[in-house]
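Please keep the model in view while going through them.

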Number of protein chains: 2
Amino acid sequence: MCQLLGMNANTPTDVMFSFTGLATRADEHKDGFGIAFFEDRGLRHFIDRDGAIGSPVAQMIKRYPIKSEVVIAHIRKATVGSVALQNCHPFVRELWGRYWVFAHNGDLKDYHPRLHGQFRPVGDTDSERAFCWLMQELAKAHADVPSVDELSCTLRELLPQPARHGTFNVLLSNGQALWAHGTTKLWSVERAHPFTAATLADEDLSVDFAAHTTPQDRVAVVATEPLTTNETWVPFEPGELRVFQGGVRHGRCG
Amino acid sequence: MCQLLGMNANTPTDVMFSFTGLATRADEHKDGFGIAFFEDRGLRHFIDRDGAIGSPVAQMIKRYPIKSEVVIAHIRKATVGSVALQNCHPFVRELWGRYWVFAHNGDLKDYHPRLHGQFRPVGDTDSERAFCWLMQELAKAHADVPSVDELSCTLRELLPQPARHGTFNVLLSNGQALWAHGTTKLWSVERAHPFTAATLADEDLSVDFAAHTTPQDRVAVVATEPLTTNETWVPFEPGELRVFQGGVRHGRCG
């Protein structure tokens, strides 16, 4: 099963701690990984066909504290589509002058949406087909850049449609917000003042967030499974959409 | 002035030698760099606001032999647009189920093309505007995926239009071919059997290509200035378009 990791914060924050937790869990996920960091409207996008443990790209990310307000990471176990670079999540497209990033955990059976618009898959995964369809439908639903709230309401209508074909745990961002949709396995945690020490579930490692934060900092983390043992991770209800902005849950449609 | 580097080969080839030459030349180009590697239809895309000497991303690229059939790299000296990640070349968009990569050297004065299509700039450079306009016009010119020859002929009509606004040395690829358009400073070299040793122009470094190649290998390199001192670099005529496929000059419109 693929692993997802999403982070949203109100101040640029690195994900070295969480990514280490995710990569440790990846010994059976040798089929590629990817991670995307928003920095203002810009995007750093790293993917590799190698697994997240051996890859020089993953090694660099673990050492280089890239600070970002929204991060989406994915560790792949190939089910549909070959082990090729064009099948590595997260996928990126541009819409309305913003980059959009998408990662998916799960399988969609017999999923062949009508792609008559401007977004076409480059690889051959069900995930990229779903992303292209979502982008196409967002582009049709709004003439110009909508607000985060409007996007959330549109996504709440769209996301159940691919989900009818199977498991559709999804992370999506345009840099302004992080949308997380869970159908089977997705959890989130929100960190705020007073920050405490957190211990990784899979590795003998802990970090004292109080030493690295200010009282104003807010950070939300979404993952396939809780990454830490001593924080309050909240599971998603089947079909639940959560929207995070500035490190906190946000909006009437999330 | 920004530096451009393009590579096209008939077998996956690394660009560590050429990238080292480019990065050495970059001490006055502290405003970001980027490099994109095609691997089949997939793409590795690295950008950094830091210069190509100090950046951990650049360090990784110099050590990690990423083999690719098409590479486009850019080292930036900001003239238009702030030093932000969204302004770092190369830029990427998807069209017809292929990623397209674009890097530009030069300034376009008063260049505000009508962008009524599906491609919008994320940053605020004249270069990204030109790229979005090119993608828009390619999408209009062909209903579906054209051949490399057809693309070359369309590009030969399109590229002079932005070039009327200033310097427009450009590298463009969709992974199938490398299009290079020069208006002021662009050179290319083609390497083929029998391979010899090449010496970098700016660094006390040489590489014996014969030791790293087979007689069938063909490699073309395009750069703002010749990178080596003992090879035959051919300057572009003003407004010349060259198309490289499988490591050699190609086609009737290139």
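**Notes on the predicted model**

1. In chain B, B:H142 is located in the loop between α3 (126–141) and α4 (148–158). The model under review is predicted. B:H142 has a relative accessible area of 13%, and because buried means under 20%, this residue counts as buried. Apart from its neighbours within four places in sequence, B:H142 is in contact with B:W96, B:E150 and B:T154.

2. Helix α4 of chain A, residues 148–158, has the following buried residues: A:V148, A:L151, A:S152, A:C153, A:T154, A:L155 and A:L158. The elements of chain A that cover them include β6, α3, α5 (160–163), β7 (169–173), β8 (178–182) and β14 (240–245).

3. Eleven aromatic pairs are counted over all chains. One of them joins A:W96 and A:W100, whose ring centres are 6.3 Å apart with 65° between the planes, an edge-to-face arrangement. A:W96 is buried, at a relative accessible area of 12%, and A:W100 is buried too, at 1%.

4. The pair A:F102 and A:F131 has ring centres 4.9 Å apart and planes at 10°. Planes under 30 degrees apart count as stacked, so this pair is stacked. A:F102 belongs to strand β6 (residues 98–105) and A:F131 to helix α3 (residues 126–141), both of chain A, so the pair ties together parts that are 29 residues apart in sequence. Both A:F102 and A:F131 are buried.

5. Charged side chains also lie over aromatic rings. A:R242 is placed over the face of A:F236, 3.8 Å from the ring centre. In chain B, the charged end of B:R242 sits over the ring of B:F236, at 3.8 Å from its centre.

6. Helix α2 of chain A (residues 56–63) has the buried residues A:V57, A:A58, A:M60 and A:I61. On which side of α2(A) are they found? They cover an arc of only 160° around the axis, so they lie on the same side of α2(A).

7. The largest nonpolar core contains 50 residues, and those that touch the most other members are A:I35, A:F46, A:I61, B:I35, B:F46 and B:I61. With neighbours within four places in sequence left aside, B:I61 is in contact with B:M16, B:F19, B:F33, B:I35, B:F37 and B:F46. One aromatic cluster is formed by A:F37, A:F46, B:F37 and B:F46.

8. How are the two chains related? Chain B is superposed on chain A by a rotation of 180° with 0.0 Å of shift along its axis, at an RMSD of 0.0 Å. The two copies are therefore related as by a two-fold rotation axis. Of the interface residues of chain B, 100% are also interface residues in chain A, which means that the copies meet through the same surface.

9. A:K67 is found in the loop between α2 and β4 (68–75) of chain A. With a relative accessibility of 47%, A:K67 counts as partly exposed. Although A:K67 and A:D14 are 53 residues apart along the chain, their C-alpha atoms are separated by 4.4 Å. Leaving aside neighbours within four places in sequence, the contacts of A:K67 are A:P12, A:T13, A:D14 and A:E39.

Key
Residues numbered from 1 in each chain as written. Chains lettered and ligands numbered in written order. Predicted model: local features only at pLDDT ≥ 70, side-chain atom pairs only at ≥ 80, totals over all residues. Heavy atoms only, no water. Phe/Tyr/Trp six-rings, centres within 6.5 Å; stacked < 30°, edge-to-face > 60°. Buried < 20%, exposed > 50% of the residue type's maximum accessible area, 1.4 Å probe, protein only. Helix = DSSP H or I, 4+ residues; strand = E, 2+ residues; numbered from the N terminus. Lys NZ or Arg CZ within 6 Å of the ring centre and 35° of its normal. Arc of directions from axis to C-beta. Core = buried A, V, L, I, M, F, W, Y, C linked by side-chain atoms within 4.5 Å. Contact = heavy atoms within 4.5 Å. Least-squares fit on C-alpha atoms with pLDDT ≥ 70 in both.
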